[in-house]
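The sequence and structure are shown first.

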Amino acid sequence: MDTLSPARSARNAAPARRRPPAMALKVLVIVAVTAAVWCVPPAAGMDPRGMHMAAIFLGTILALILQPLPTASVAVVGLAVAMITGTMDASTEALQGFGNSAVWLIVAAFFIADGFLVTGLGRRVALWFVARLGRSSLGLSYGMAVTDLLLAPATPSNTARAGGVVFPIISSLAQVQGSTPETEQSRRRLGAYLAMTAVQVNTVTSAMFLTAMAGNPLAAEFAAQAGIEVSWGTWALAALVPGLLSLTAVPWVMAKIYPPTLKQTPEAPVQARQELSQLGAMSFHEKTMAGTFLLLLVLWCLGSVLDLNATAVAFVGISILLVTRVLSWKQMAANSGAWSTLLFFAVLVGMASHLNDLGVIDWVGASATALVGGMSWVVAFAVLALVYFYAHYFFASNTAQVVAMYAVFLGAAVGAGTPPLLAALAFGFIGNLFGGLAHYSSGPAGVVYGSGYVPTGEWFRVGFLMSVVNIVIWTVAGGLWTKLLGMW
């Protein structure tokens, strides 16, 4: 259902008439930046191809931000330029990202997430919590938060989790309560609060698991290249306390700084129970999906003990779903998001790895370390973390920033004396928590903004306030918790 108002639709349609010159300007900027960096001579100790690779990489990242073409198309163009110029050898270097296990973990988890959608298990879980917690607007938001948390470990597309499961239920509940985006009074009745809270919650659940956002395995891969091992269990354990505290705090804080005018929703549990009744008993496929999901969680948690690779575990899960016909190959083949993700991530990971091989990452890291030289590691780390967090105002994708900046900031922090595992985990968590800063900061933000419930001005205000709340919680509670665990 189109929830955009006529006025909003008109605003969205207006830029389309200016698209050709806008597109040309984007391409011009991308080419200019790429050419400028290309002409910079390599630093001492850097491979002669280093700055050429840096130019192509920056041009590709800039194209991902400006979006003159779809994401996968940008990756193909960047790879083509790298190969044809000889910056990456076509037979030994250009395609190395396609053999990266972290990339295939992301793709595999996309298919596992499909199981929640096609079986209806995700919707059933959400309705179950609404039926038990949904007598108030605050209870509804906690119900959606728990739903997001349960689905997060096996859903690397935070957009699919928020847009495919959580937001459709929120939209339905809001409309039943007479809250639509059409008027100020109507949207603030319930929908704006639930929608904005769902985005902020999604940033937290994405930060809690290595497989909850597509960029997380890439962060772990970049950390591994720096000699820092971050397993699925290590990530989840480190995020457990600050994550649960944030999930507890976010709906309550949102109710204070962005309150709905409707506080009580006694009809919501009734509606949820009616829909659950219509769904009937759990089907064989739902039970199989639930059992497979629990098996994956156990094996991921025990991976370091049993010496099981996380990607191998994910493919075991897919195999079970295929054998039991919960999923079919036709459904997997039709998942364009998964295959586009494979192409996009494989290219970018290959480029980032090549930058490291050519000595570019070491040079940039050393330069960044010099900027915070003389500071204690605590102050230097705080400065780098805050810059990394709020630099996301210039990005329209969590993953794009992780690919562009994670390795550099990690190297700078470690170079300044920050305990390596602490730095690797902190930048990994931040790579998710900044997803609610603005209406363009992440996929879930785009879904909610497109609904019309939250205008731009309110988004920037609330998004910044919630970023401060999360920074305080994850710094204080997260720092103390990881210290207690002996991680630094």
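Predicted model: local features only at pLDDT ≥ 70, side-chain atom pairs only at ≥ 80, totals over all residues.

Residues are numbered from 1 along each chain as its sequence is written, and side-chain values use heavy atoms, with hydrogens and water left out.

T34 lies in helix α2 (residues 19-38); helices are DSSP runs of H or I of at least four residues, numbered from the N terminus. With 18% relative accessibility, T34 counts as buried, that is, under 20% relative accessible area with a 1.4 Å probe and protein chains only. The T34 side chain reaches the backbone oxygen of I30 at 2.8 Å. Leaving aside residues up to four places away in sequence, T34 touches A55, I56 and G59; contact means heavy atoms within 4.5 Å.

Helix α11 (residues 215-225) is mostly covered, with eight of its eleven residues buried. Among them are G215, P217 and F222. After α11 comes G227, which has a positive phi near 85 degrees. The cover over the buried residues of α11 includes α12 and the following helices.

| Covering helix | Residues |
|---|---|
| α5 | residues 101-119 |
| α10 | residues 191-208 |
| α18 | residues 336-357 |
| α21 | residues 398-415 |
| α22 | residues 420-433 |

Helix α12 (residues 232-257) and helix α24 (residues 456-484) have axes that come within 9 Å and cross at roughly 150 degrees; axes are lines fitted to C-alpha atoms over the stretch in contact, with angles from 0 to 180 degrees between N-to-C directions. α12 and α24 are therefore roughly antiparallel, the term for angles over 145 degrees.

Definitions and conventions. Helix = DSSP H or I, 4+ residues; strand = E, 2+ residues; numbered from the N terminus. Buried < 20%, exposed > 50% of the residue type's maximum accessible area, 1.4 Å probe, protein only. Polar contact = N/O pair within 3.5 Å; in protein donor to acceptor, adjacent residues only side chain to side chain. Parallel < 35°, antiparallel > 145°, perpendicular 65-115°, else oblique.
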